[in-house]
Amino acid sequence: MINKHNNHQAMHYCSYMVAFFDILGQRDKMHRITLPPVGDETSNDDKFKQDILKLYSNVKTFRIFFADAIDSFTKSGIENDQIPEQAKSFFEKLREHPIAYRNFADSVIVHIRLKGDEMKYAGRAIYGVLCAAAVTFNSCMAKGIPVRGGIDLGFAMNIGPDEIYGPALASAYHLECKVAAYPRIVVGKTLVSYLKELSESRLETDVENVNRQIANNSLALLTTDDDGNMIVDNLGDYIRNNLQKIPDIADVVSKAYRFASSEHEKYRIARNEAESIGNVEVLKRCALLTDRYEWLTKYFKKHLPSWGIK
């Protein structure tokens, strides 16, 4: 039965920051699972259930990592030493600004409302989603779960509890599906422009000072990739120095790099085999994936020395 929109909830059309994350490779793995047999072949039936649960475990792991990252950020006081005493009450309102997210199949959709006066409280929530995206990306890659994402700012309308629909969602989905291409998180131009505008504010009130610092922190989480797209810099200096100081983080990064390298090698071998037997369809697909994982391993190699990894 379709859930009807709650008529008592006022619908509004305003600015939202939207993030769309997807786990890669799930569909291909699903297609390789043998359908359960008709009849009483319980051994095959059990195998089907185990295969599905194993595949779903990737989805569950991603959701747990992201939810934990958001929860940890919400409770943290990472910027407290940068906040003037007289601005602390404003900062508490920043903490309370909601970050809504919902799960759909292999995807997680996140949104933050920027409506009217709420805009001045939304900066820390945006920063929090960027932090959670970077941390979750590293953790998932270390577990062999490749993630791709798109994040942007635009207009949308709330159409139900924790659900929005509109151009902002379409933009985030487009960045994830069409622009990111391989495991990385692409950030749209509109969101980058918004953060730059906040970071360059020349007003000197406590509110502007706090938002300017938060915007600068958010921009420090981003970098321009080789193709000119802005991405979440999940191995950059800001992440390393401020967010991922847990004792085993170097091991996490090493495992993530090894997974990226193994995927690159797997598709390189499959490409060569497809070329040798003249399988054009498989060759085309494996050539594309080989290139994409080569780009990812290059990103890792560029940053590994800074993490103390040879």
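Predicted model: local features only at pLDDT ≥ 70, side-chain atom pairs only at ≥ 80, totals over all residues.
User: What percentage of the residues of the protein chain count as buried?
Analyst: A residue counts as buried when its relative accessible area is under 20%. The protein chain has 310 residues, and the buried ones make up 45%.

User: What is the volume of the largest pocket, and which residues are closest to its centre?
Analyst: The volume of the largest pocket is about 980 Å³. Its lining holds 35 residues, and the closest to the centre are L24, G25, Q26, R27 and D28.

User: Which element gives the largest share of the lining of the largest pocket?
Analyst: The elements giving two or more residues to this lining include β1 (13-23), α1 (26-31), α9 (249-277) and α10 (280-303). The largest share is six residues, and the element it comes from is α10.

User: What distance does α10 reach from its first C-alpha to its last?
Analyst: α10 has 24 residues, for which 34 Å is expected at 1.5 Å a residue. The distance in the model is close to that, at 35 Å.

User: What covers the buried residues of α10?
Analyst: The buried residues of α10 include C286, L289, Y293, L296 and F300. An α-helix has 3.6 residues a turn, so residues three or four places apart point the same way. The cover over the buried residues of α10 includes α4 (123-142), β8 (230-232) and α9.

Note on methods. Residues numbered from 1 in each chain as written. Heavy atoms only, no water. Buried < 20%, exposed > 50% of the residue type's maximum accessible area, 1.4 Å probe, protein only. 1 Å grid on protein atoms, 1.4 Å probe; cavity = no way out; pocket = protein on both sides within 12 Å on 5 of 7 lines; lining within 4 Å. Points joined across faces, edges and corners; volume = space filled by probe spheres on them. Helix = DSSP H or I, 4+ residues; strand = E, 2+ residues; numbered from the N terminus. Expected span 1.5 Å × (residues − 1). Contact = heavy atoms within 4.5 Å.
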